[in-house]
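Here is a short report for a reader meeting this structure for the first time. Please keep the sequence and the 3D view open while reading.

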Amino acid sequence: MKLNTKRTVLVGFAFLSICAFWQMYDNLVPKILTETFGIGESISGVIMASDNVLALFLLPLFGGLSDKCNSSLGRRRPFILFGTLAAVALMMALPLLTDSFHAAPEAWKLICFIIALGLLLIAMGTYRSPAVALMPDVTPKPLRSKANAIINLMGALGGIIYLIITTFLYKTTSDVYVSYMPLFAIVGGIMLVALAIVMFCVNEPKLVAEQKKYEDEHPEDNLVQVTESGEALPADVRKSLGFLLASIALWFIGYNGVTTWFSVYAAESWNMTLGQANTCLTIATAGAIVTYIPSGNVASRVGRRKTIRFGTLLLAGSFFAAFLYTMVSNAFSPLLYVLFILVGVAWAFINVNSLPMVVETCKGSEVGKFTGLYYTFSMTAQIMTPIVAGWLLENVDYKALFPYAAIFVFGSFITMGFVKHGDNKVEAKKGLEAFDVED
């Protein structure tokens with residue numbers, strides 16, 4: 001059995017589009033809210049959490065709706081098409097309102113900005129679950145960790161393209177106003193190109209039919225049998241799923257607490273420009289990119305659970321090390337690049353294997369629903385973390401950010417110890433076969 005890499009890459013362009021947008025959103029919107037509109041960190045954190053509040057409802061809803069869709073385009077592509085087009089149209093209003101407010105501050109412009117932002121987040125919520133569910137729809141269960149590695153690689157590519165562009169476009173000091181219109185336009189272009197690739201190069205109905213035929217011919221690959229759509233999971237599987245979802249929430253609380261506030265943190269603590277701060281995030285993304293494929297291969301040999309637990313330990317340790325550094329220095333040093341590389345490596349080990357563990361427990365007809373369940377818990381976590389982390393920055397100390405993240409990520413290491421289902425079947429190889437790296 002061998003993964004169709006070309007097909008997986010083409011499917012991954014949908015996730016590339018999503019990640020390019022969210023990298024920009026997490027990177028720019030906090031700066032726009034605090035620096036242009038003059039909103040405090042706590043209130044900005046509430047606004048930043050609103051996307052996760054919406055996602056809490058939208059992602060399971062549209063994931064389930066896509067499961068039931070019978071369009072000639074397939075189950076997922078109609079949502080990807082209309083969601084992307086609406087998002088690109090709405091996102092271009094944000095820099096227009098931001099530039100206008102800077103030139104002539106008026107309350108109605110801030111209100112319009114918040115309304116446009118809310119509509120944009122709704123548009124993004126309509127197609128995220130369907131886009132992510134497309135990969136397991138067309139991939140055999142034993143290969144989903146490796147396929148998810150490629151999907152995450154595509155997502156990281158979208159994020160790193162944005163970061164590199166930002167690094168070169170914005171080199172001015174942090175106290176000089178710059179328009180973000182070019183950056184929004186570039187990301188919108190990336191999203192439209194990715195959409196065109198998915199719509200014209202991915203024949204979803206044909207690929208889904210091939211996948212269904214494969215599953216019918218290989219029932220032994222279904223490690224957890226759920227005989228009918230909607231049937232309750234066995235009690236032991238349900239317990240493992242609960243601990244797995246709790247783990248997902250915990251590591252997202254820690255990781256997104258850092259990523260949401262890092263551009264503001266870097267400017268405040270290290271007097272860094274947006275381009276300099278993004279260099280750190282670019283390095284972390286690069287560390288993830290080079291690890292995505294190896295992490296899928298590691299999981300296929302030692303199991304997804306062990307691979308994830310190693311990643312959570314490494315991520316918590318990296319965040320704690322960053323805290324120790326800030327206790328002895330208030331200036332950025334290239335030594336921190338090493339920590340950001342480790343952050344990326346750790347996140348790859350975690351992120352590649354978590355979604356496959358969730359969808360491993362369901363039938364193919366419910367992949368969208370369980371993908372939405374995954375995002376329900378990750379987004380629930382992200383509802384609280386911008387608010388709590390923002391409150392810590394404003395009322396305690398900026399140095400509280402990294403220990404806050406480390407504690408929650410380490411908590412996920414503990415809860416993952418109770419997960420007993422959703423792992424891939426690991427078969428020991430013998431003799432010369434042990435050196436074979438093919439599927």
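## The whole chain

This is a predicted model. The chain has 14 helices and zero strands. Read along the sequence, its pattern is α-α-α-α-α-α-α-α-α-α-α-α-α-α. The chain holds 439 residues, and buried residues make up 58% of them.

## Two helix pairs

Two packed helices are described by the angle between their axes and the distance between the axes. The table gives these values for two pairs.

| Pair | Residues | Angle | Axis distance |
|---|---|---|---|
| Helix 9 and helix 14 | 235-270 and 401-416 | about 165 degrees | 8 Å |
| Helix 6 and helix 7 | 144-169 and 181-201 | roughly 155 degrees | within 11 Å |

Take helix 9 and helix 14. They pack at about 165 degrees. Angles over 145 degrees count as roughly antiparallel, so helix 9 is roughly antiparallel to helix 14. Their crossing is left-handed. Helix 9 brings residues including Phe 243, Leu 244, Trp 251, Gly 254, Gly 257 and Trp 261 to the contact. From helix 14 come, among them, Leu 401, Phe 402, Tyr 404, Phe 408, Gly 411 and Met 416. By class, this contact has 16 nonpolar, six polar and no charged residues.

Now helix 6 and helix 7. Their axes cross at roughly 155 degrees. This pair is therefore roughly antiparallel as well. The crossing of helix 6 and helix 7 is right-handed. Helix 6 makes the contact with Ile 161, Tyr 162, Ile 165, Thr 166 and Leu 169. Helix 7 makes it with Leu 183, Ile 186, Val 187 and Ile 190. The classes here are eight nonpolar, one polar and no charged residues.

Which helix holds Thr 98? Thr 98 sits in helix 4, residues 93-103. Its relative accessibility is 1%, so Thr 98 counts as buried. Setting aside neighbours within four places in sequence, Thr 98 is in contact with Ile 32, Thr 36, Phe 37, Phe 113 and Tyr 177. Met 181 lies 83 residues from Thr 98 along the chain, and their C-alpha atoms are separated by 9.1 Å.

Thr 307 belongs to helix 11, residues 304-328. Thr 307 has 2% relative accessibility and therefore counts as buried. Neighbours within four places aside, Thr 307 is in contact with Ser 295, Val 298, Ala 299, Val 302, Phe 349 and Asn 353.

Ser 378 is part of helix 13, residues 367-395. Ser 378 is buried, with a relative accessible area of 1%. Not counting residues up to four places away in sequence, Ser 378 touches Ile 248 and Phe 252. Both numbers fall within the residue range of helix 9, 235-270.

## Cysteines

A disulfide is a covalent bond between the sulfur atoms of two cysteines. How many disulfides does a search of the whole structure find? The search finds zero. Two cysteines can still be described by their accessibility. Cys 19 counts as buried, at 18% relative accessibility, since the cut-off for buried is under 20%. Cys 201 is partly exposed, at 45%.

Terms used:
Residues are numbered from 1 along each chain as its sequence is written. This is a predicted model: local features need pLDDT of at least 70, side-chain atom pairs count only at pLDDT 80 or more; totals for chains, interfaces and linings use all residues. Side-chain values use heavy atoms; hydrogens and water are left out. Axes are lines fitted to C-alpha atoms, for helices over the stretch in contact, and angles run from 0 to 180 degrees between N-to-C directions. Helices (H or I, at least four residues) and strands (E, at least two) are DSSP runs, numbered from the N terminus. Angles under 35 degrees count as roughly parallel, over 145 as roughly antiparallel, 65 to 115 as roughly perpendicular and the rest as oblique. A crossing is left-handed if the near helix is turned anticlockwise from the far one by less than a right angle, and right-handed if clockwise. Contact means heavy atoms within 4.5 Å. Ala, Val, Leu, Ile, Met, Phe, Trp, Tyr, Cys and Pro count as nonpolar, Asp, Glu, Lys and Arg as charged, and the others, Gly among them, as polar. Buried means under 20% relative accessible area, exposed over 50%, partly exposed in between (1.4 Å probe, protein chains only). A disulfide is a pair of cysteine sulfur atoms within 2.5 Å.
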